[in-house]
Amino acid sequence: MNYIKEYWEDQARTHGDSHVASWGDNFMLDLEFEAIRKWVASGDAVLDVGCANGFSTFRQLESCRVKSMIGIDFSDQMIKEANETKKKRGLEDEIRFQVGDVRSLDFPDNSFDVVYTTRVLINLPTWEEQIIGIKECFRVAKPDGKVIFSEAFWEPLMLLNSFRSLCNLSLLVEHDFNCYLKKSQLEKYLSGTSKPFQVDEFSSIYYLGSRLVREMATNPADYPGFTNPINKLFFDIEKEFSCKGIGIQQAYVIDNVK
Ligand SMILES: C[S@@+](CC[C@H](N)C(=O)[O-])C[C@H]1O[C@@H](n2cnc3c(N)ncnc32)[C@H](O)[C@@H]1O
């Protein structure tokens, strides 16, 4: 089995329905959730591509009376967890989860008002494969729909690392199987499709705090996981004031003009 898939199967087995199956950084999950939520309206048919155990998919469902909500993921174990949670919460008719691959979505053309990924395309090993996933999301979204890619990007990682090296901190590296998208490459591709897009840089202040100031102002070893109060402080600031450039997580919101 593909080792990326095996990694996610294992995350689901170890962490069950917890957000940790996808990411331990609960503050980032919150910011990411808000970045998507803004674009989901009542009556929409929504597809969450790479939904993991559904932790954030359920939150989107609960925040808005959508017409339909479907989550797909290539990990059987993640989908099993999502289906168990659905049953426990009595949401049988309101949400559907199924196994599927972003590179070959099992839906007809023009099916959804909103299609989104959160940290999923980065799991595809090359830009060529990422393009296949991107095109699939465009295909299944309606022509007047929105496609949102909330992903990790290479340029802000480089900028953040240059600040870290000035402060004598070690460089951050991508998880070995991740392939962060390049903003320049994605924007060039999107310009070629003539689809209008905007970029939501929703994480720069938070990254400044949690991936730079935190290590300068405190001893990170004193705070396991993401419990350092600096993280919470910069998360709170991020909601009121954001800056640009060093937030590795960004959302491209695209009008799916066909
Ligand atoms: C970092 S997690 C993000 C999960 C979820 N989107 C969230 O925001 O919590 C990446 C997820 O993408 C899934 N994934 C990776 N490659 C995929 C693919 N080719 N097709 C569908 N899902 C994929 C993994 O199984 C994993 O659940």
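Leaving aside neighbours within four places in sequence, Val-49 is in contact with Ile-72, Val-102, Val-115, Tyr-116, Thr-117, Val-120 and Cys-137; contact means that the C-beta atoms, placed from the backbone, lie within 7 Å. Val-49 is also among the residues with the most contacts inside the largest nonpolar core, together with Val-115 and Ile-148. That core has 60 residues. A nonpolar core is a set of buried Ala, Val, Leu, Ile, Met, Phe, Trp, Tyr and Cys residues joined through C-beta atoms within 7 Å, and buried means that 20 or more other C-beta atoms lie within 10 Å of the residue's own.

The model is predicted: local features need pLDDT of at least 70, side-chain atom pairs count only at pLDDT 80 or more, and totals for chains, interfaces and linings use all residues. Residues are numbered from 1 along each chain as its sequence is written.

Next comes the sheet. Seven strands form an open sheet in the order β3-β2-β1-β4-β5-β7-β6, with mixed pairing. Strands are DSSP runs of E, at least two residues, and helices are runs of H or I, at least four, numbered from the N terminus; two strands pair if DSSP finds at least two bridges between them. The edge strands, β3 (95-99) and β6 (197-200), each pair on one side only.

Strands β1 (residues 45-49) and β4 (residues 112-118) pair in the parallel sense over four bridges. Val-46 has Val-114 in β4 as its bridge partner.

Helix α5 (residues 127-140) packs on the sheet and touches β1, β4 and β5 (141-152). In α2, Leu-29, Phe-33, Ile-36 and Arg-37 meet Ser-56, Arg-59, Gln-60 and Ser-63 in α3.

Note on methods
Two residues are in contact if their C-beta atoms, placed from the backbone, lie within 7 Å. Axes are lines fitted to C-alpha atoms, for helices over the stretch in contact, and angles run from 0 to 180 degrees between N-to-C directions. A residue is buried if 20 or more other C-beta atoms lie within 10 Å of its own, exposed if 12 or fewer, and partly exposed in between; C-beta atoms are placed from the backbone.
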